[in-house]
Amino acid sequence: MRLADIAVARPLPGPLTYEVPEEFRAALAEGSRVVVPLGGGAVEGIVLAQRDGDCPDGVKLRRIRQLLGDRPELTPDLIALGRWIAGHYICSIGEALSAMVHPHAPPRRTVLYELIEGAQEPRGPRQREIFKWLEAQEGPVSLDGIRQALGEVSAILRPLVAKGILRKSDREPAPVEPEATELELDPQLTPEQSEVRDSIAASMDRREAEVHVIHGVTGSGKSEIYLQLVRRGLEHGTGAIFLVPEISLTVPMIELFRKRFGPDMALFHSSLTPSERHREWSRVRGGTARVVVGARSAVFAPVVNLGLIIVDEEAETSYKQYERPGYHA
């Protein structure tokens, strides 16, 4: 049988082993997010490894219940980071990985209704009103659209579908693209700014993991150095993460990034709805957005070909998470 080691967000000494059902075998991979039974309920977990093997005598393995998403949630490098976090900050691998995953809330599908060609007009006055209104529309209409025009109609639509008068369907909403904006060009740096930028850019070109500390008072031009380093990385095919202590206190900086990088930028913060966070995560995971701006947990963003992490005001205490899993961004 096919077995999978699953890390769950519990203080356990290691992953748990489950049987992989036949229908999940082709799609399941390292980093996949799944739902598994645990105790009397179900929990989410991350696949760490798969193998073929036999169940030990006297043991009945439980099976994976659900595969979430159409691609692995976490990349191999994020899983490796999770293993390091587990050892360094004294928590389980499942707890460490739980800090990295986004709320699983794909965009809500839109319910649509349309008249079936040749359908006869119903007799009831309320049903006839809906029939006449839909007859005047062009193409399918969303349930929300019908409600706005005619009030609450759900209980009346169901029998019309059952009688073959209406056709009900659903679709995923069109992706919400970032607003188009006229991107600003990088301004000329002072000689001192250029010296700092070029020193850091040299290590980026060497693809070496080095740490650089930029010290300067407010207004000394650090932000422009950040922006130009991110630009350089994008031109060389690498993405970037820009961490800030508090999103609400750094709105001007966020706007600077948006004006420079437009659709290339994704914003991670706690005020996003689960659906919005899922959308931003998907843009980053798919490589559409290559620059992530956010607070502490944005350090785990699955940026494709990550080449630069900038921690603004790195002495701020908000970079520490004190609840489990505790870590310092």
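**Pocket, cavity and helix contact in a predicted model**

The largest pocket holds about 1400 Å³ of space. The model examined here is predicted. A total of 41 residues line this pocket, and those closest to its centre are Glu 210, Val 211, Ile 309, Ile 310 and Val 311. Five elements each supply at least two residues of the lining: helix H1 (76-88), helix H6 (191-206), helix H7 (222-235), strand S12 (306-311) and strand S14 (327-328). Strand S12 gives the most, with 6 residues. The lining of the largest pocket comprises 27 nonpolar, 6 polar and 8 charged residues.

Across the whole structure, 1 cavity of 30 Å³ or more is found. The volume of the largest cavity is about 30 Å³. Its lining is formed by Ala 7, Val 8, Arg 10, Leu 12, Gly 14, Pro 15, Ser 92, Ile 93 and Gly 94. Strand S1 (2-8) and helix H2 (93-98) are the elements that give two or more residues to this lining. By class, the cavity lining has 5 nonpolar, 3 polar and 1 charged residues.

The overall fold was considered next. The protein chain contains 9 helices and 14 strands. Its radius of gyration is 26 Å, whereas a compact globule of 329 residues would have a value near 20 Å. The C-alpha trace spans about 80 × 65 × 35 Å along the principal axes of the chain.

The axes of helix H3 (residues 125-135) and helix H5 (residues 154-162) come within 10 Å of each other, and they cross at roughly 80°. H3 is therefore roughly perpendicular to H5, because angles of 65 to 115 degrees count as such. On the H3 side, the contact is made by Arg 126, Gln 127 and Ile 130. On the H5 side, Ile 156, Leu 157, Pro 159 and Leu 160 take part. The residues of this contact divide into 5 nonpolar, 1 polar and 1 charged.

Two features of the backbone remain. Most residues other than glycine have a negative phi, and most peptide bonds are trans. Ile 90 has a positive phi, near 60°, and is not a glycine. This residue is found in the loop between H1 and H2. H1 also supplies at least two residues of the lining of the largest pocket, and H2 gives two or more to the lining of the largest cavity. The peptide bond from Arg 324 to Pro 325 is cis, with omega near -5°. Pro 325 lies in the loop between strand S13 (320-321) and S14. Strand S14 is among the elements that each supply at least two residues of the lining of the largest pocket.

Technical notes
Residues numbered from 1 in each chain as written. Predicted model: local features only at pLDDT ≥ 70, side-chain atom pairs only at ≥ 80, totals over all residues. Heavy atoms only, no water. 1 Å grid on protein atoms, 1.4 Å probe; cavity = no way out; pocket = protein on both sides within 12 Å on 5 of 7 lines; lining within 4 Å. Points joined across faces, edges and corners; volume = space filled by probe spheres on them. Helix = DSSP H or I, 4+ residues; strand = E, 2+ residues; numbered from the N terminus. Nonpolar A, V, L, I, M, F, W, Y, C, P; charged D, E, K, R; others polar. Axes fitted to C-alpha atoms, helices over the stretch in contact; angles between N-to-C directions. Parallel < 35°, antiparallel > 145°, perpendicular 65-115°, else oblique. Contact = heavy atoms within 4.5 Å. Rg over C-alpha atoms; globule rule 2.2 N^0.38 Å.
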